[in-house]
Amino acid sequence: MHTGGDLFVIELGAVVLVLAIVARLARRIGLPALPMYLLVGLALGDGGLVELPASTEFIEVGAEIGVILMLLMLGLEFSAQELIDNVRRSTLAGIVDIALNFPPGFIAGLLLGFDPIVAVLLGGVTYISSSGIVAKLVADLDRIGNHETSVVLSVLVIEDLAMVLYLPIVSGVLFGGSALSTTITIAVALLVVIAVLGAAYLFGDRLGAIALSQSSEALLLTLLGGTLLFAGIAGRLNLSTAVGAFIVGIALSGDIVSHARGLLLPLRNLFAAVFFVFFGLQVDLDLVPDVAVAAVVIAAVTVATKFATGWIAAGRVAIGKPGRARAGAALIAHGEFSIVIAELGIARESDLGALAATYVIILTLVGAVLYQYSDSITLHTPSESYRARWQRKSRLAERLRKRRWSPTR
């Protein structure tokens, strides 16, 4: 027992140190660390370089906490009123987003022979962009004040809000059993979501004031304990634990939000990294070559559809072409939510895990690079290209005329 405990500590310490090295490397080369965490998990999973028999159970628990903390922090980013305002302002962009980006995954799932529920999950994987990665890219490249950034954030808010309805429904269908029990599960899930959102809208400041404490220790324990408790209850109701944590974040508003972010961010970063490692551990590397072509094709389609989504959304508020290009490139990166969705179905369809991991790695890297260099992306229609060439020739002819008739020559 003592030897096993020592092995557990050694394995866990080694994994955390590897993640630290990966995080430093990612920062040095200017790319998100998330896809590299997935690669670490793949290297430690079935068919990988090293196996972790002693610490797998702890990593699984840590991964569950990671999902809960990621969604809690996401919920803290906006109040119920902000959600309502964003929905009103960006409804059309949200509809375009769903129409362009859900079908590629759903259709691909059916073509790959997945059952319809797993195909719906793959549709969710291709639909949802990564709020965390996009926010980090915007901050790192100092584009927070750009006009298109508010458009991008509005689209991301619509996506996150859609997940509040999407996750309970697919969870109910996956785990509900019979048609009657599934219907009851979905109805209960939606009622809980509506009730909590209504309470957040009416009493959010009061709830935040009750939870707020002058003691950082007491506040951290209150937030962590309350969130884990509510997320666990949500799981018992066949809601996703992630949805439960997201609702808790939305329900809190006021002064507690800024305090909570500072306290929870280090924990979120640690357990989020553990989550991506655990997802990689669940993927059988032998399956990756079988889904690589499909992942590349779906990724190529999604790059085009996500870029079009940002281009259209930014164009509706009269943003110029460089801003539209930046908005489209920003939405390409996929990450935490795509993996959360894929994890729901990985037990039902093992290929889904390998496909989602490969897809997320591709889109995260491509999205980060395209967004970084999006200012150099220029799109011209044929008439615009002809006009531009004609203007350049006119300016050149005018300069030659001036040089020819200049009195000094």
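**Confidence, fold and ring contacts of the predicted model**

The mean pLDDT of the protein is 79, and 81% of the residues score at least 70. The structure is a predicted model. Confidence falls below 50 over residues 403–409. In the model, this stretch has 1 contact beyond near neighbours in sequence. Residues 380–386 also stay under 50 in pLDDT. For residues 380–386, the model has 3 contacts beyond four places in sequence.

The secondary structure consists of 16 helices and 0 strands. The protein has 409 residues, of which 46% are buried. Contacts between residues at least 6 apart in sequence were also examined. Of these, 81% join residues at least 24 apart. The accessible surface of the protein amounts to about 20000 Å². Carbon and sulfur atoms account for 66% of that surface.

Helix H6 spans residues 131–140. Its buried residues are Ser 131, Ile 133, Val 134, Leu 137 and Val 138. Viewed down the axis of H6, these residues fall within an arc of 165°, so they line one face of the helix. Asp 142 follows H6. The phi of Asp 142 is positive, near 55°.

Aromatic rings were considered next. The structure holds 3 aromatic pairs. One of them joins Phe 102 and Phe 106. Phe 102 is partly exposed, at 22%. Phe 106 is likewise partly exposed, with a relative accessibility of 25%.

Two arginines lie over aromatic faces. Arg 143 sits over the face of Tyr 371, at 4.6 Å from the ring centre. Arg 324 lies over the face of Trp 311. Here the distance to the ring centre is 5.5 Å.

How values were computed:
Residues numbered from 1 in each chain as written. Predicted model: local features only at pLDDT ≥ 70, side-chain atom pairs only at ≥ 80, totals over all residues. Heavy atoms only, no water. Phe/Tyr/Trp six-rings, centres within 6.5 Å; stacked < 30°, edge-to-face > 60°. Buried < 20%, exposed > 50% of the residue type's maximum accessible area, 1.4 Å probe, protein only. Lys NZ or Arg CZ within 6 Å of the ring centre and 35° of its normal. pLDDT = per-residue confidence, 0-100. Contact = heavy atoms within 4.5 Å. Helix = DSSP H or I, 4+ residues; strand = E, 2+ residues; numbered from the N terminus. Areas by Shrake-Rupley, 256 points an atom, 1.4 Å probe, with all protein chains shown as cover. Arc of directions from axis to C-beta.
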